[in-house]
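Dear colleague,

Please find below the structure that I am handing over to you. My notes on what was found in it follow.

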Amino acid sequence: MARAQSKEELITFSEESWQKLCSLINSLNEETKNTNFTFKVEDKKEKHWARDKNLRDVMVHLYEWHQLLINFVEKNKRGEKTSFLPSPYNWKNYGEMNDNFQINGQKKSLSEITQQLSESHMKLITLIENFSNKELFTKKYFDWTGSTSLGQYFQSSMSSHYEWAYKKIKLHKKTSEL
């Protein structure tokens, strides 16, 4: 996927990936939406293939990463120094955080998480709109983004994550609706 170079591209890429993901989900029959994944994970290297058991788990993952970004941006904009990953997590052990998202997400219904995810997507689009191109795409513009740009956080948590989810759900559709 191309890396956004402007606010307009960031919004466009996020919206296009979001719509593509929503269209795929809407194309699933009810049984496929509500059954566990049946594709083989043994040959997959990444841990997420085994972690996420169904559509709800994938949606929970996307939602929780939205919440990380919303929290990160809103608190830092208010002057509350906040890391993107909550303590005790870091970029070496964030897989444990993802595992906990999946476990805690078991309490939510698919319809509940779908609504929450849609709302958080819109909230992130609104957040993007409140920043200038310079604020979004200048590395280290904000001291709280570390060595990267704020736009990269948005792209990672939105369009890139939507593409990740699309691939997983597409495989689920292929193996479930034979």
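How much accessible surface does the protein have, and what share of that surface belongs to carbon and sulfur atoms? The accessible surface comes to about 9700 Å², and 49% of this belongs to carbon and sulfur atoms. Accessible areas come from the Shrake-Rupley method with a 1.4 Å probe, and for residues only the protein chains shown count as cover.

Two remarks on the basis of these values are in order. This is a predicted model, in which local features need pLDDT of at least 70 and side-chain atom pairs count only at pLDDT 80 or more, while totals for chains, interfaces and linings use all residues. Residues are numbered from 1 along each chain as its sequence is written, and side-chain values use heavy atoms, with hydrogens and water left out.

Overall architecture

The secondary structure consists of nine helices and zero strands, so that the order of elements from the N terminus reads α-α-α-α-α-α-α-α-α. Helices (H or I, at least four residues) and strands (E, at least two) are DSSP runs, numbered from the N terminus. The C-alpha trace spans about 50 × 35 × 30 Å along its principal axes.

Of the 178 residues, 48% count as buried. Here buried means under 20% relative accessible area, exposed means over 50%, and partly exposed lies in between (1.4 Å probe, protein chains only). Among contacts (heavy atoms within 4.5 Å) between residues at least 6 apart in sequence, 72% join residues at least 24 apart.

The largest pocket

The largest pocket holds about 480 Å³ of space. Its lining comprises 20 residues, of which W65, W91, Y94, S156 and H161 are the closest to the pocket centre. Two or more lining residues come from each of α3 (48-51), α4 (55-77), α5 (94-104), α8 (150-157) and α9 (159-176). By class, six of the lining residues are nonpolar, ten are polar and four are charged.

The terms used here are as follows. On a 1 Å grid over the protein atoms alone, a pocket is an open set of points where a 1.4 Å probe fits, with protein on both sides within 12 Å along at least five of seven lines; lining residues have an atom within 4 Å of a point. Grid points are joined across faces, edges and corners, and a volume is the space filled by probe spheres set on the points. Ala, Val, Leu, Ile, Met, Phe, Trp, Tyr, Cys and Pro count as nonpolar, Asp, Glu, Lys and Arg as charged, and the others, Gly among them, as polar.

H161, one of the residues closest to the pocket centre, is found in helix α9. It counts as buried because its relative accessibility is 12%. Leaving aside neighbours within four places in sequence, H161 is in contact with H61, L62, W65, Q155 and S156.

H66 is placed in helix α4 and is buried, with a relative accessible area of 0%. Not counting residues up to four places away in sequence, H66 touches L117, S120, H121, L124, S157, M158 and Y162.

In α5, the residues M97, N98, D99, F101 and Q102 are buried, and what covers the buried residues of this helix includes α3 and α4. D99 counts as buried at 18% relative accessibility. Beyond its neighbours within four places in sequence, D99 is in contact with K47 and R51.

Exposed and local features

K134 lies in helix α7 (residues 133-137) and is exposed, with a relative accessible area of 55%. The C-alpha atoms of K134 and K44, 90 residues apart along the chain, are separated by 39 Å.

The peptide bond from S87 to P88 is cis, with omega near 10°, and P88 sits in the loop between α4 and α5. K140, in the loop between α7 and α8, has phi near 65°, a positive value in a residue other than glycine. K140 counts as exposed, at 57% relative accessibility.

With kind regards
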